[in-house]
Amino acid sequence: TISWHYMQNITLALRFISSNSTDSHHVLTSISGADIFAGNREKTSALLRYIMHNFDRTYLYRAMPEDTRRRKVAEELLFTEQTYVTNLGCLVKDVISPLRDLIASSSSSSTTNTTTSNASSTSSTTIEQLSLAFSNWSDIFSLHTSLLQIMKMKFAEDIKIATFGDLFLDAADLLLPVYTKYVNTFEQCGMRAKFLRKTNSSFNELLTRFEEDRDRTAGGGLDLASFLIMPVQRMPRYLLLLRELLKCTPSTHLDANLIQEGCKAIEKVVLQINASKAHHNNMSRLLAIAQSIYFADEEDKEAFNSTLPPSLLQLQGGGGGGGVNVITTGDADGGAAAAG
């Protein structure tokens, strides 16, 4: 089983390299996943040389003038943003919006006792459950649609004098809350989506159709999980591109200081998201422990309750057996934990 997974990963990597190459693919057509997995030295060396010649920036840019390198990195920044927004929009247009419409129509049908079998399957799914599966994906899409428009305006200027660092410096405060919320709920999104696929036929049919469409249009390998992880990877990708852009920007250029400040702003966003995620995970573990505890009497329960952060947790006695019900009172947008 492990060998099969290795082979699958190698094959996907070769497919990715091929689909993202603009040069002749004669080298790639002579290399198979089995060659790499078997450790064929000649084929592996040929693949590594191909990757260096087509993907290694240091190799590609070594003979380019500095302003040309800067343009290339800026174009990559724009291209990846366009691709990201397109992918965000695909999920909104083809999955989230149709599901919302289906839930709304099934709820309306239920009130008039005219539900179809398909609507009946969807009626158990609520907007709240849908939000657990996709969190604030639509908010991320709206934000990056606006950022993309600003980025395009930058490219409408003379690229030699255009600035990009200020875009990220200004956007940092907008990116932080939406990405904090998404990253904090990322694992829950995946688990909720898997649960709904098993328990809701309409949800499963819509996602299956979506994934099949992506296989045909995106070269394969893009399932729902591949989409859900995209926002998690976006901030680190910004950092990599901004650092690369800084290397290609003359120190005398107006954008040099702006890119440095933009890097610092995005780094701060990443650190705060990571800190919030760590806090969220700790609180989730605390909640799980608290929910597993039973108290012999009210006095013991109150004593335990007093040791917990009052701004985050409130324990109240459950009926029968002295069980503990945990209620979170923090604001999810601010990174407070939420019971899973």
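Q: Where does α14 bend, and by how much?
A: This is a predicted model, and in it α14 bends at Pro236, by about 25 degrees.

Q: What end-to-end span should α14 have, and what does it have?
A: Helix α14 covers residues 230–247, which is 18 residues, and at 1.5 Å a residue that should span 26 Å. Its end C-alpha atoms are 26 Å apart, so the two agree.

Q: Which residues of α14 are buried?
A: The general idea is that an α-helix has 3.6 residues a turn, so residues three or four places apart point the same way. Here the buried residues of α14 are Met230, Pro231, Arg234, Met235, Tyr238, Leu239, Leu241, Leu242, Glu244 and Leu245.

Q: Is Glu81 buried or exposed?
A: Buried: the relative accessible area of Glu81 is 0%. As for Leu148, its C-alpha lies 6.5 Å from that of Glu81, though 67 residues separate the two in sequence.

Q: How do I read the way α9 and α10 are arranged?
A: In general, two packed helices are described by the angle between their axes and the distance between the axes. For α9 (residues 137–156) and α10, the axes come within 10 Å and cross at roughly 170 degrees. An angle over 145 counts as roughly antiparallel, and α9 and α10 are therefore roughly antiparallel to each other.

Q: Which residues make that contact between α9 and α10?
A: On α9 they include Trp137, Leu143, His144, Leu147 and Met151, and on α10 they include Phe168, Ala171, Leu174 and Tyr182. By class, the contact has 14 nonpolar, 1 polar and 3 charged residues.

Q: Where is Ala171, and is it buried or exposed?
A: Ala171 sits in helix α10, residues 165–184. Its relative accessibility is 3%, so Ala171 counts as buried. Gly262 is 91 residues from Ala171 in sequence, yet their C-alpha atoms are 9.0 Å apart in space.

Q: What is the phi of Ser135?
A: For background, most residues other than glycine have a negative phi. Ser135 has a positive value, near 50 degrees. Look for Ser135 in the loop between α8 (127–134) and α9.

Q: Is Ser135 buried or exposed?
A: The cut-off for buried is under 20% relative accessible area. Ser135 has 17% relative accessibility, so it counts as buried.

Definitions and conventions: Residues numbered from 1 in each chain as written. Predicted model: local features only at pLDDT ≥ 70, side-chain atom pairs only at ≥ 80, totals over all residues. Heavy atoms only, no water. Helix = DSSP H or I, 4+ residues; strand = E, 2+ residues; numbered from the N terminus. Expected span 1.5 Å × (residues − 1). Bend = angle between axes of the 7 residues up to and from the residue. Buried < 20%, exposed > 50% of the residue type's maximum accessible area, 1.4 Å probe, protein only. Axes fitted to C-alpha atoms, helices over the stretch in contact; angles between N-to-C directions. Parallel < 35°, antiparallel > 145°, perpendicular 65-115°, else oblique. Contact = heavy atoms within 4.5 Å. Nonpolar A, V, L, I, M, F, W, Y, C, P; charged D, E, K, R; others polar.
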